[in-house]
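Trainee: Could you take me through a few packing features, giving the general idea before the particular case?

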Amino acid sequence: MTEEIIQRGVAEIIRDEMVMSDKIIAVLQDGPKTIVEIAESLGCPSHEVMYWVMAMWRYGRIEETTVKPDDDGYFKYRVK
């Protein structure tokens, strides 16, 4: 038996932004993390976390820790 993966639509992901932003802030209290690390901590798909983190970055709630990504191509984010 195969599992069917149901992907949520963008509107549904964006609707969760307010709830998830508080959870992301809580995860980042332990120190800077990449989107992949945040997603693992929350148990959410990284593509959904990308939407939430980019919105938080855009509104100045979080920031990158460096001007260049790490060796894997990821930026780390921290609470501003």
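Mentor: Let us begin with contact, which means heavy atoms within 4.5 Å. By that rule S21 touches M56 and R61, not counting residues up to four places away in sequence. Please keep in mind that this is a predicted model, in which local features need pLDDT of at least 70 and side-chain atom pairs count only at pLDDT 80 or more, while totals for chains, interfaces and linings use all residues. Residues are numbered from 1 along each chain as its sequence is written, and side-chain values use heavy atoms, with hydrogens and water left out.

Trainee: Is S21 buried or exposed?

Mentor: Buried means under 20% relative accessible area, exposed means over 50%, and partly exposed lies in between, with a 1.4 Å probe and protein chains only. S21 has a relative accessible area of 3%, so S21 is buried. S21 lies in helix α2, where helices are DSSP runs of H or I of at least four residues, strands are runs of E of at least two, and both are numbered from the N terminus.

Trainee: At what angle do the axes of α2 and α3 cross?

Mentor: Axes are lines fitted to C-alpha atoms, for helices over the stretch in contact, and angles run from 0 to 180 degrees between N-to-C directions. Angles under 35 degrees count as roughly parallel, over 145 as roughly antiparallel, 65 to 115 as roughly perpendicular, and the rest as oblique. The axes of α2 (residues 17-28) and α3 cross at roughly 105° and come within 10 Å, and the two helices are therefore roughly perpendicular to each other. On the α2 side M20, K23, I24, V27 and L28 meet I38, S41 and L42 in α3.

Trainee: Which residues of α3 and α4 meet?

Mentor: I35, I38, A39 and L42 in α3 meet S46, V49, M50, V53 and M54 in α4. Helix α3 (residues 35-42) packs on α4 (residues 46-58) at an angle of about 110°, with the axes 9 Å apart, so α3 and α4 are roughly perpendicular to each other.

Trainee: Which residues are buried in α3?

Mentor: They are I35, I38 and A39. The arc is that of the directions from the helix axis to the C-beta atoms, and because these residues cover an arc of only 100° around the axis, they are on the same side of α3. The buried residues of α3 pack against α2, α4 and β2 (77-79). Just after α3, G43 takes a positive phi of about 70°.
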